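Colleague: I would like to learn how to read a protein model, one feature at a time. Where do we begin?

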Amino acid sequence: MANSWRHERWDSLRLLTPNWQSRVPGLRYEGPDPDGYMTVGEVTEFIGRFAAASRAPVRTSTTVTSVRRTDDGYQVATSRGEFACRTVVIASGACNRPSVPGLSSGVPASVQQVTTFDYRDPGQLPDGGVLVVGASATGVQLAAELARSGRPVTLSVGEHTRLPRTYRGRDVLWWMDKAGVWDQRYDEIEDLTRARRLPSPQLVGTQERATLDLNALTALGVQLVGRWAAIRDGRALFSGGLRNVFSLADLKLGRLLDTFDEWALTSGRDGEFTAPERSEPTQVPATSRLQLDLASGEIAAVVWATGFRPDYSWLDVPVVDAKGQLEHDGGVVTDSPGLYALGLPVLRRRKSTFICGIEDDARDVIGDLAKYLAGLVPARV
Ligand SMILES: Cc1cc2nc3c(=O)[nH]c(=O)nc-3n(C[C@H](O)[C@H](O)[C@H](O)COP(=O)(O)OP(=O)(O)OC[C@H]3O[C@@H](n4cnc5c(N)ncnc54)[C@H](O)[C@@H]3O)c2cc1C
């Protein structure tokens with residue numbers, strides 16, 4: 001139960017979604033701090049309470065080793081026996097493995113490499129400089145933690161999603177919720193493939209409700225470099241053009257804040273908030289290094305914060321594309337009747353992979369599944 005939260009998260013992690021957004025069917029946060037952010041232990045406890053309240057017949061500590069199609073459904077093999085069923089819902093998560101680029105194999109053996117699955121706290125890394133790769137939620141949080149521990153930190157930055165923690169006095173995720181951004185449906189999004197690959201926002205959950213964008217990291221002494229493009233002769237080579245990457249993120253942030261302001265006006269609630277604000281542009285470093293000699297001893301460790309990927313190695317049905325993603329239409333798996341999915345990016349809505357997103361998606365997908373079992377929808381083949 002709550003396996004990923006127990007075993008695959010670092011010690012200091014708190015949810016980046018506020019407590020009021022921690023809600024699952026029949027259970028919501030009702031503690032004294034709705035605007036706070038849960039620790040990993042609190043998330044585990046919350047899911048435990050949901051498991052107890054829902055009394056769903058879950059077989060815990062059971063690994064599914066294979067799912068095969070049969071004439072009238074699926075044969076599921078597990079570490080505790082086999083069973084047959086007409087339908088299967090794949091809810092195995094979107095983040096089963098760290099996604100590490102192939103160039104990691106060229107990093108000299110003298111440099112320790114850590115993924116976000118292995119990382120627990122700064123004390124685990126050897127003394128010396130750290131290169132954190134990736135500037136989404138995980139990368140910015142780890143870069144800040146490592147810089148505060150006194151280490152020289154370099155952060156390799158590619159495309160990213162900049163967000164302030166609060167806007168006009170409210171949590172930025174409150175605005176996303178109210179302005180309807182979270183609820184935007186997958187079939188209303190112009191470029192769904194891109195939306196499903198968007199980097200997670202640069203957010204952290206702290207009591208101070210502090211913003212953790214690249215300007216905040218620069219203030220902490222983190223050195224920003226471009227996207228890690230290649231390794232040559234033991235040297236990491238970074239892309240130039242940080243100015244363009246920063247401008248794009250600033251532009252997208254400005255557009256999002258415009259959406260919030262528009263909602264405030266059209267909903268008649270504009271007077272409830274402080275005046276519209278705009279973030280300072282992201283500061284471009286006066287000089288940005290284009291390469292770093294990994295054999296010089298300057299960098300003792302590389303932390304790969306380059307995202308996660310799902311693992312379908314146990315799924316013996318040909319519904320996974322060349323990039324390892326499940327082929328589905330809103331959680332209805334394409335080309336395999338009776339197979340469904342939940343918990344994947346923008347499955348039916350922008351909020352699909354967040355805890356607060358599961359309720360609406362589950363209602364829709366299970367609704368489709370029930371119709372299929374009742375013979376009310378033709379099997380999609
Ligand atoms: C670093 C990090 C931070 C996050 N922060 C937030 C946040 O602040 N707020 C938020 O709302 N969401 C956050 N998320 C997203 C969060 O993971 C989801 O909201 C939630 O955990 C998704 O639940 P899930 O059940 O879909 O997937 P998971 O939590 O990944 O659970 C999937 C489960 O399936 C199991 N499983 C996989 N394969 C098999 C198999 N073959 N047999 C048996 N079991 C299997 C896994 O072990 C796991 O227990 C974060 C995710 C990550 C990685």
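**Strands, salt bridges and a pocket**

Modeller: This is a predicted model.

Colleague: In which sense do β10 and β13 pair, and over how many bridges?

Modeller: The two strands β10 and β13 pair in the parallel sense, over three bridges.

Colleague: In what order do the five strands of the open sheet lie?

Modeller: The order is β8-β17-β9-β10-β13, and the pairing is parallel. At the edges are β8 (112-115) and β13 (223-225), each of which pairs on one side only. Direction ignored, neighbouring strands of this sheet are turned by 20 degrees against each other on average.

Colleague: Next, salt bridges. How many does a search of the whole structure find?

Modeller: The search finds 22 salt bridges. To read one, ask which residues form the pair, and where each sits in the chain. E159 forms a salt bridge with K252, and their closest N and O atoms are 3.4 Å apart. This pair links distant parts of the chain, 93 residues apart: E159 is in the loop between β10 (153-156) and β11 (166-167), while K252 is in helix α7 (residues 242-266).

Colleague: Why does E159 count as partly exposed?

Modeller: E159 counts as partly exposed because its relative accessible area is 39%, and that class lies between the cut-offs of 20% and 50%. K252 is also partly exposed, at 28% relative accessibility.

Colleague: Are D213 and R162 buried or exposed?

Modeller: Both are buried. D213 forms a salt bridge with R162, with the closest N and O atoms 2.9 Å apart. Here too the pair links distant parts of the chain: D213 is in the loop between α5 (192-197) and α6 (214-219), R162 is in the loop between β10 and β11, and they are 51 residues apart.

Colleague: What about R185 and D187?

Modeller: They form a salt bridge whose closest N and O atoms are 3.2 Å apart. D187 is exposed because its relative accessible area is 51%, and the cut-off for exposed is over 50%. R185 is partly exposed, at 25% relative accessibility. Elsewhere, salt bridges that share partners join R168, D258, D261, D270 and R278 into one network.

Colleague: How is empty space found?

Modeller: Rolling a probe the size of a water molecule over the atoms shows where empty space is left. In this model, the second largest pocket has a volume of about 250 Å³. It is lined by 15 residues, and the closest to its centre are S12, Q141, R148, V204 and T206.

Colleague: How does its lining divide into nonpolar, polar and charged residues?

Modeller: Six residues of the lining of the second largest pocket are nonpolar, five are polar and four are charged.

Note on methods. Residues numbered from 1 in each chain as written. Predicted model: local features only at pLDDT ≥ 70, side-chain atom pairs only at ≥ 80, totals over all residues. Heavy atoms only, no water. 1 Å grid on protein atoms, 1.4 Å probe; cavity = no way out; pocket = protein on both sides within 12 Å on 5 of 7 lines; lining within 4 Å. Points joined across faces, edges and corners; volume = space filled by probe spheres on them. Nonpolar A, V, L, I, M, F, W, Y, C, P; charged D, E, K, R; others polar. Salt bridge = Lys/Arg side-chain N within 4 Å of Asp/Glu carboxyl O. Helix = DSSP H or I, 4+ residues; strand = E, 2+ residues; numbered from the N terminus. Buried < 20%, exposed > 50% of the residue type's maximum accessible area, 1.4 Å probe, protein only. Pairing = 2+ DSSP bridges. Axes fitted to C-alpha atoms, helices over the stretch in contact; angles between N-to-C directions.
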